[in-house]
Structure formats: structure tokens, C-alpha cells
Amino acid sequence: MSNPQNSEPKKTALVAVELALSQILADVRPIEETEVLVLNDALGRILAADFLAPLDVPPADNSAMDGYCYCREDVPDEGARLPISQRIPAGKAPQALKRGTAARIFTGAEMPAGADVVVMQEVCTLHGDSVEVPARAVGNDIRRRGQDVQAGQVVIAKGARLAAQHIGLLASMGVARVAVLRRLKVAVLSTGDELVEPGQPLHAGQIYNANRYTLSALLQQLNVDVIDLGIVPDRLDATEIALREAAEKADCILSSGGVSVGEEDHVKTAIERLGDLTLWKLAIKPGKPFAYGHVLNTPFLALPGNPAAAFVTFLILCRPWLQKAQGGLDHAPIEVRLAADFSHEKAAPRQEYLRARAELRDGQWWAVPFHNQSSGILFSACWGNGLAVVPLNETIAHGQLVRFISY
Ligand code: AMP
Ligand code: MG
């Protein structure tokens with residue numbers, strides 16, 4: 001229903017998704033405050049500065065095999081029998097190798113000074129306290145000092161999100177604490193008089209609040225500090241109060257619903273009264289009513305109320321914005337090209353993000369869209385595992401390669 005008081009011209013030009021994204025990303029002021037965490041608390045956090053390796057990994061040459069090591073010069077081309085002068089298991093400091101002898105050595109054990117060949121035990125023959133080593137052993141079974149990481153090398157770049165492998169690499173360099181950027185605080189509001197929290201009885205006219213939980217979960221995946229401000233009634237005064245509180249408490253605000261042009265939609269008016277609206281109405285389907293602005297200088301991303309639209313606009317617009325705000329390096333989601341298991345004959349004035357499933361059939365990966373793409377159908381996002389993109393003003397023929405953004 002259109003609002004008679006709304007002074008917006010009837011047809012606002014829709015902003016293309018790529019333009020909207022570049023505009024909102026340009027507005028991000030990334031977090032700069034840092035904190036130091038023990039490794040076990042650092043998963044998913046953003047590294048505050050380039051990390052230089054404090055030492056070589058491995059710290060010394062070591063054996064890649066269970067076998068024998070010796071000095072290549074001590075063994076003629078046809079092989080030799082060498083007395084075994086020491087036994088070096090992993091964890092033991094070796095002694096310098098006595099010339100003309102071999103040392104028994106195990107995987108991960110440090111090479112003794114004077115040895116430059118390791119041969120695996122399978123190609124050697126043991127004779128009491130001596131070992132027969134083969135002719136022309138290749139001796140590639142040494143892991144060289146620094147072959148993983150060299151002291152001074154930048155091993156993890158500033159802005160990287162620490163994943164399990166980064167945490168492990170830091171541990172391998174003996175690092176116990178790491179400086180990360182502080183968590184981004186994100187306030188979440190769900191607008192709508194019809195909303196009821198899960199666990200409560202549902203009365204006529206009501207629906208359960210899905211977006212609050214979808215958005216909180218998506219935010220948790222980004223490791224932000226979620227400030228959940230609950231449900232906001234469909235009244236301008238209540239919306240303004242909630243937005244003021246959100247602006248004071250958080251680095252940015254995310255809301256769902258109330259951003260269309262109906263008489264019960266107050267978010268847009270509230271932003272205009274408390275700050276500025278820099279972007280409204282995108283050429284995106286689902287998610288056209290998306291808005292961006294500031295409330296008392298706090299950035300505000302207003303998502304549509306329809307659950308699938310809230311989900312899609314979060315992934316396409318909010319997630320890159322939040323990642324940049326967190327101080328993260330990578331904002332663009334990884335996408336692949338899949339064959340369209342659909343056709344789109346009429347070019348449309350909105351870029352469409354179809355909830356779709358990547359399916360392997362006869363050696364070919366297909367993007368199969370859910371049969372109902374209505375913006376209210378959240379099940380489509382559960383059935384699917386990604387978004388297939390139908391670009392603005394383009395047609396798609398069956399089998400044509402399309403962008404697929406896996407979520
Ligand atoms: P709105 O943008 O407020 O007009 O909402 C659009 C549609 O999404 C309406 O059908 C709402 O009932 C529905 N909706 C809004 N917020 C939520 C929510 N938090 N959870 C589930 N559905 C919602
Ligand atoms: Mg509403």
C-alpha cells in the first residue's frame with residue numbers, strides 16, 4: 001500500500017547492486033582498536049598487523065623417514081656397510097656424526113651434524129650393529145630447516161581472518177598470543193507488530209520472528225559482537241527510540257522489515273529524522289527495499305522484512321560491508337560458474353539472486369533453482385546451497401554458465 005504522506009517520487013530509479021555495494025563499502029571505517037588474545041580465543045578474529053615469523057619452521061634439518069643417516073662421501077657408489085654409532089629418536093638432541101658411521105634415525109628427529117643423507121629403512125639391511133646402505137642413495141628424505149616458514153617472512157597478512165590453519169601455524173612458530181582487531185559491535189532490530197518470539201504461543205494475525213535468528217546466526221558466523229535489541233513495534237516513536245539506543249551501543253545497526261513504503265513502515269522516516277539516508281531501493285530481487293544510511297553517525301543497514309530477502313541482502317550487501325568494517329581483507333564472496341538448469345527469457349530490471357542448489361549430473365555441475373523464488377520463502381534457502389545470479393537486464397539460456405555464490 002502506498003503512503004499518501006510519502007513525498008518520495010512515485011518511481012525512484014533503482015540502484016544497481018554493484019554500484020550500491022561500492023557506495024556502501026566506500027563508507028566503511030574499519031575497526032582499528034586491537035586486543036591481544038591467547039591462541040585458543042583467536043579463531044575467526046581478524047589479525048591486527050602483518051605477522052612475521054619469529055623463527056624458522058622446522059627449526060633444524062630433520063628426517064622425513066624412519067631409516068639411517070650418514071655422510072654421502074663415506075659411501076662409495078656401490079653402497080657400503082657402516083657401523084651404527086648412535087640412535088636418534090624424535091625429541092632427542094643428536095651428537096655430531098662420527099665419520100664413517102651411520103646413525104639410526106626416526107621421522108621428525110633432528111639430523112646430526114656431519115650427516116647429509118637419510119635413506120629409509122626399507123632399502124637398508126641390518127647386520128647386528130652395522131647397516132648395509134644402498135648404492136647411490138638419493139637422500140631426499142631430509143626436511144630442511146625453514147622449509148615451511150623462514151624467520152622474518154610475512155606468514156599471515158594484516159586483515160586475515162584467523163582460521164584453524166592460521167592458529168596452527170602460529171603455534172608451530174611458538175606463538176602463544178596474537179594481536180587481533182577488537183570485535184565489531186552490531187545492533188540487530190526486528191521490526192513488526194506481527195512478530196512473536198519462538199517458544200511463545202501464536203495468536204491470530206501473528207507470525208514467528210525468523211529474521212532475528214537468521215541475522216544473529218549469520219552475524220555469529222562473522223564473529224561479531226551481536227547486540228540484540230529484540231522486536232520494535234511499528235510506530236515511528238518506538239522506531240526512533242530503538243534506533244537511538246542502537247546507535248549509542250553499536251558500531252553499526254542492522255534491522256529487518258519496515259523499510260518499504262507502507263503506512264506501517266517507519267524505518268526510512270526514522271533514518272531521515274535521526275541522520276541521513278544515502279541509499280534506498282536497489283535493483284535486486286529479492287530485497288528491493290534495502291536501505292543504507294546513518295543514525296546519529298552510526299552506519300545503518302536496513303534489510304527487508306521478507307525472510308528470504310533479508311537472507312539474500314545480508315549475503316550480498318551486509319556481509320562484505322561487515323567484513324570490511326571488521327578490518328578484514330576479503331570482502332567478495334568466492335563464486336564459481338555453473339550451468340543454468342533454468343532459462344530466463346525476459347530481461348528484468350532487477351538483478352535476481354535465485355536460491356539454488358549446486359548439483360552434479362553426468363560430470364557437469366548445474367545450478368538448480370528452487371521452484372518458488374518468492375521473497376517470503378525461507379525454505380528455498382535451506383533447500384539450496386547458493387545463489388545463482390541472473391544479471392540485470394540479461395536473459396539466460398538453459399545450460400548457459402551463470403555466477404553461483406555458494407553459501
Ligand atoms: P515489511 O518489510 O515489514 O513490510 O515485511 C515484509 C514481510 O516480511 C511481511 O510479510 C512481514 O510479516 C515479514 N516479516 C517481517 N519481519 C519478519 C521477521 N522478523 N520474521 C519473519 N517475517 C518477517
Ligand atoms: Mg513490517
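Trainee: What should I know about the model and its numbering?

Mentor: This is a predicted model, where local features need pLDDT of at least 70 and side-chain atom pairs count only at pLDDT 80 or more, while totals for chains, interfaces and linings use all residues. Residues are numbered from 1 along each chain as its sequence is written, chains are lettered from A and ligands numbered from 1 in the order in which they are written, and side-chain values use heavy atoms, with hydrogens and water left out.

Trainee: What pLDDT does the protein chain average?

Mentor: pLDDT is the predictor's confidence in each residue, from 0 to 100. The protein chain averages 95, and 96% of the residues score at least 70. Over residues 1-9, though, the pLDDT is below 50, and this stretch has 13 contacts in the model beyond near neighbours in sequence.

Trainee: How many helices and strands does the protein chain have?

Mentor: Helices (H or I, at least four residues) and strands (E, at least two) are DSSP runs, numbered from the N terminus. Here there are seven helices and 26 strands. Along its principal axes, the C-alpha trace spans about 100 × 50 × 40 Å.

Trainee: Back to Asp-265: where does it lie, and is it buried or exposed?

Mentor: Buried means under 20% relative accessible area, exposed over 50%, and partly exposed in between (1.4 Å probe, protein chains only). Asp-265 lies in the loop between strand 17 (252-256) and helix 5 (267-274), and it is buried yet has no salt bridge.

Trainee: How do I read a salt bridge?

Mentor: Look for a side-chain nitrogen of Lys or Arg within 4 Å of a carboxyl oxygen of Asp or Glu. Lys and Arg count as positive and Asp and Glu as negative, while His and the chain ends are not counted. For Asp-265, the nearest side chain of opposite charge is Lys-281, 9.5 Å away. A polar atom of the Asp-265 side chain does lie 2.8 Å from the backbone nitrogen of Gly-262.

Trainee: What about backbone angles?

Mentor: Most residues other than glycine have a negative phi, and most peptide bonds are trans. Asn-223 has a positive phi of about 65 degrees although it is not a glycine, and it is found in the loop between helix 3 and strand 16. Lys-281 has a positive phi too, about 75 degrees, in the loop between strand 18 (275-280) and strand 19.

Trainee: Why does Lys-281 count as buried?

Mentor: Because its relative accessible area is 15%.

Trainee: Where are the cis peptide bonds?

Mentor: One joins Val-57 and Pro-58, with omega about -10 degrees. Another joins Lys-285 and Pro-286, with omega about 0 degrees. Pro-58 lies in the loop between strand 2 (51-52) and strand 3 (62-63), while Pro-286 is in the loop between strand 19 (284-285) and strand 20 (291-295).

Methods
Polar contact = N/O pair within 3.5 Å; in protein donor to acceptor, adjacent residues only side chain to side chain. Contact = heavy atoms within 4.5 Å.
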